[in-house]
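Me: I have a structure open here and have not looked at it before. Can we go through it piece by piece?

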Amino acid sequence: MTPPRSPSPAAPPRAPAAEPTGSVDELLTGLVGFTEVLRAAGVPVTQDRVTAFLQACDTLDVTDREQTYWAGRLTLCADPDDIVRYDLAFPSWFEPTSNRPASNRDDRPPAPPKLAALLPGREGGEDESDDADGPQIKAAATGAEILRNRDLGELSPAEREHLRRLMTLLRPEPPTRPSRRRRRHRHGEADPQRTLRAALRNQGEIFRLSRRDTSRRPRKVVLLIDVSGSMEPYADALMRFAHVVVRRSPRSVEAFTLGTRLTRITRELRQRDPERALRAAGAAIPDWSGGTRLGEVLQAFVDRWGRRGAARRAVVVVFSDGWERGETELLGTQVEQLSRLAHRLVWVNPHAGKDGYAPVQGGIVAALPHLDDLLAGHSLDTLEELLEVVRNA
Amino acid sequence: MNDSAPGPGSPAELADALRATGYLADDGLATATYLAMRMNRPLFCEGEPGTGKTALAQALAQTLDAPLIRLQCHDGIDAGQALYDWDFPRQLLHLRTLEAASGRGGEFDADAVESSLYDERFLLARPILQALRTSPSVLLIDEIDRADDEFEAFLLEVLTEHAVTIPEFGEVRAATPPVVVLTSNRTREVHDALKRRCLYLWLEHPGIEREIEILHSRLPDVPERLAASVARAVQKLRHADLIKPPGVAETLDWARALHLIGARHLDPESAARTLGAVLKYREDADRVHKQLDTLLAS
């Protein structure tokens with residue numbers, strides 16, 4: 001028998017085998033211990049959820065494993081990702097004798113952040129041949145103004161540090177849309193409630209019609225960031241950019257990464273501290289700098305999120321160089337679908353800002369007819385331009 | 001916990017009661033619904049469209065012999081549409097009448113006028129208020145993800161207190177809290193504060209056996225063989241990488257359509273004629289048309 005690997009140092013070392021044969025106290029400890037394991041496995045379990053769990057156990061038959069399972073799943077999970085973790089944690093806690101490997105994913109790792117590897121040491125990588133003699137010249141150019149126009153993929157470590165600070169100064173205003181909810185206004189239709197209230201104050205006499213009109217609400221924004229190998233030099237900067245945008249309007253912005261698969265990183269990026277947010281996002285993304293299957297991953301987004309509403313009437317921004325191995329037909333149809341769903345579809349290609357760039361790569365050719373804008377986005381300046389386009393969308 | 005509510009004594013009993021209405025609940029679903037009733041917590045159902053989220057509320061209402069009160073959420077929904085509103089034209093008319101009376105020598109007592117204006121008869125009860133005043137009842141808050149977060153915050157209060165305060169009128173409290181079912185298609189993440197107060201149920205498409213069972217219980221007229229082949233074909237369609245994979249509602253529609261045109265079994269010809277019942281996108285229909293033979297091969 002191999003005892004289940006305790007998922008994190010914070011969790012109690014070993015399950016006191018919560019066999020429901022023990023006393024009530026023991027039983028309670030077992031159940032509460034399980035919630036701790038679950039928390040360590042990355043499920044955001046709060047105290048009131050634990051209370052609800054115990055209440056549910058009380059209502060059901062705790063000696064029945066099946067019922068205990070459902071009591072926990074219904075009260076402690078809040079989305080499908082949680083259920084995956086729950087399903088891994090449950091047997092490892094309640095059935096320590098089972099041979100199942102306890103493969104709880106550890107989501108609060110002291111492990112080295114994957115993003116850090118992208119930061120200081122690596123100077124662009126082999127794919128940027130003109131990068132070899134880059135840093136020496138660029139080290140002299142640290143003025144904010146110059147930095148603003150510099151290619152994000154070719155920065156020295158010091159410049160990156162500076163850029164991080166500049167990035168946090170961005171103030172992205174969300175685009176707006178008319179809301180159906182109406183507010184008090186000088187013009188617009190009559191507001192019966194307010195009119196009646198005013199009339200009551202004046203002995204039932206209506207002197208003036210109060211009016212109301214539609215207000216404006218933030219429009220949804222979706223950021224899709226390509227994190228495949230060819231985008232690697234820009235990945236860190238773009239993630240930071242995404243963090244700033246998500247933080248500014250957390251309820252109306254969604255962020256995803258595109259690689260060999262689709263990863264939603266909105267939740268991770270909502271944290272205030274950029275370093276923690278990026279580390280969390282890095283841990284969530286399983287396919288850093290891998291290949292791209294842009295068409296397939298976009299399809300995953302459109303099917304799982306976009307069509308259901310995340311992209312409907314939203315401003316969708318794709319950060320990608322449009323590098324697609326293989327056939328581009330799928331990519332074309334998916335971009336078309338996306339453009340039909342979205343209010344405005346913006347494609348940001350870091351290479352588009354370079355001299356002599358022409359949109360000839362297969363992927364971008366397939367996408368181009370369906371785009372509202374094709375922007376550069378390789379420097380801070382161009383990213384600010386992007387914010388302008390998004391705001392006015 | 002509310003023990004006074006008459007109801008099933010265990011999840012299994014509830015599953016049987018639901019089955020009697022034609023809704024087949026698996027263990028998880030029965031447990032969730034049972035807990036929701038016993039713990040007085042709203043049941044938050046998420047899942048693909050067509051996995052029976054709305055149908056659950058309907059079946060539940062039938063089981064409990066309680067009216068189903070439905071609130072369909074939409075963009076910009078507010079308290080006036082969900083909770084209550086005042087019947088303004090009638091209030092105005094009433095005010096004018098009072099005025100005319102006071103003109104003929106009556107006294108215009110502002111307080112009395114106000115209390116008579118905000119009277120029960122001018123109150124328009126919207127779904128949530130209706131549910132609070134109807135005991136027992138099942139309240140279905142459909143597609144909460146379409147509403148905005150201000151509305152969620154507002155719901156939070158009503159769902160935890162089972163009561164609502166109307167400033168001009170007073171408090172309305174439910175004698176027995178309604179059984180509340182919330183559904184979401186996950187187009188947007190619903191705020192955690194709301195989810196925390198609910199039981200969370202993730203629904204998936206049923207497996208082949210349960211789907212056949214559902215077909216039998218909902219459409220007893222459809223021949224067994226036809227039902228089985230429809231269920232098999234739908235299972236394949238769900239893995240066929242379609243824009244909109246069919247849900248249970250589509251399976252039922254399809255079987256019904258085939259039965260109506262007099263098909264005794266599912267062959268390429270009858271399938272082609274009725275494909276519109278199960279596929280709702282032109283691209284999907286085109287794709288499936290080309291592979292009808294493989295789809296129907298068992």
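**Where the chains meet**

Me: How many residues of chain A are in contact with chain B?
Reply: In this predicted model, 31 residues of chain A are in contact with 36 residues of chain B.

Me: Which elements of chain A give two or more residues to that side?
Reply: They are helix 2 (47-59), helix 3 (65-76), helix 4 (80-94), strand 1 (176-185), helix 8 (192-201) and helix 12 (294-310) of chain A.

Me: And what classes of residue are on that side of chain A?
Reply: There are 13 nonpolar, 10 polar and eight charged residues on the side of chain A that touches chain B.

Me: What scores does the predictor give the complex?
Reply: The complex gets an ipTM of 0.78 and a pTM of 0.70.

Me: On to chain A by itself. How many helices and strands are there?
Reply: Chain A has 15 helices and nine strands. It has 393 residues, and 39% of them count as buried.

Me: In what order do the six strands of the open sheet in chain A come?
Reply: The order is 6-5-4-7-8-9, with mixed pairing.

Me: Why is one side of strand 6 and of strand 9 of chain A left without a neighbour in the sheet?
Reply: Strand 6 (262-264) and strand 9 (373-375) of chain A are at the edges and have a single partner strand each, so one side of each has no neighbour in the sheet.

Me: How much are neighbouring strands turned against each other?
Reply: By 20° on average, ignoring direction.

Me: Which helix packs on the sheet and touches strand 4, strand 5 and strand 7 of chain A?
Reply: That is helix 9 (residues 232-248) of chain A, and its direction makes about 165° with that of strand 4 (221-226) of chain A. Helix 12 of chain A lies across strand 4, strand 5 and strand 6 of chain A, at about 160° to strand 5. Helix 12 of chain A is also among the elements on the side that touches chain B.

Me: Back to the strands. In which sense do strand 7 and strand 8 of chain A pair?
Reply: Strand 7 (residues 315-319) and strand 8 (residues 344-348) of chain A pair in the parallel sense, over five bridges. Within that pair, V317(A) is opposite V346(A).

Me: Is strand 8 of chain A mostly covered or mostly open?
Reply: Mostly covered, with five of its five residues buried. R344(A), V346(A) and V348(A) point one way from the strand, while L345(A) and W347(A) point the other way.

Me: Now chain B. Which strands are joined to strand 5 of chain B by bridges?
Reply: Strand 2 (residues 68-72) of chain B runs parallel to strand 5 of chain B and is joined to it by five bridges. Strand 8 (residues 179-184) of chain B also runs parallel to strand 5 of chain B, with four bridges between them.

Me: What do the buried residues of helix 11 of chain B pack against?
Reply: They pack against helix 10 (208-218), helix 12 (248-260), helix 14 (282-290) and helix 15 (292-296) of chain B. Among those buried residues are A227(B), V230(B) and L237(B).

How values were computed: Residues are numbered from 1 along each chain as its sequence is written. Chains are lettered from A and ligands numbered from 1 in the order in which they are written. This is a predicted model: local features need pLDDT of at least 70, side-chain atom pairs count only at pLDDT 80 or more; totals for chains, interfaces and linings use all residues. A residue is buried if 20 or more other C-beta atoms lie within 10 Å of its own, exposed if 12 or fewer, and partly exposed in between; C-beta atoms are placed from the backbone. Two residues are in contact if their C-beta atoms, placed from the backbone, lie within 7 Å. Ala, Val, Leu, Ile, Met, Phe, Trp, Tyr, Cys and Pro count as nonpolar, Asp, Glu, Lys and Arg as charged, and the others, Gly among them, as polar. Two strands pair if DSSP finds at least two bridges between them. Axes are lines fitted to C-alpha atoms, for helices over the stretch in contact, and angles run from 0 to 180 degrees between N-to-C directions.
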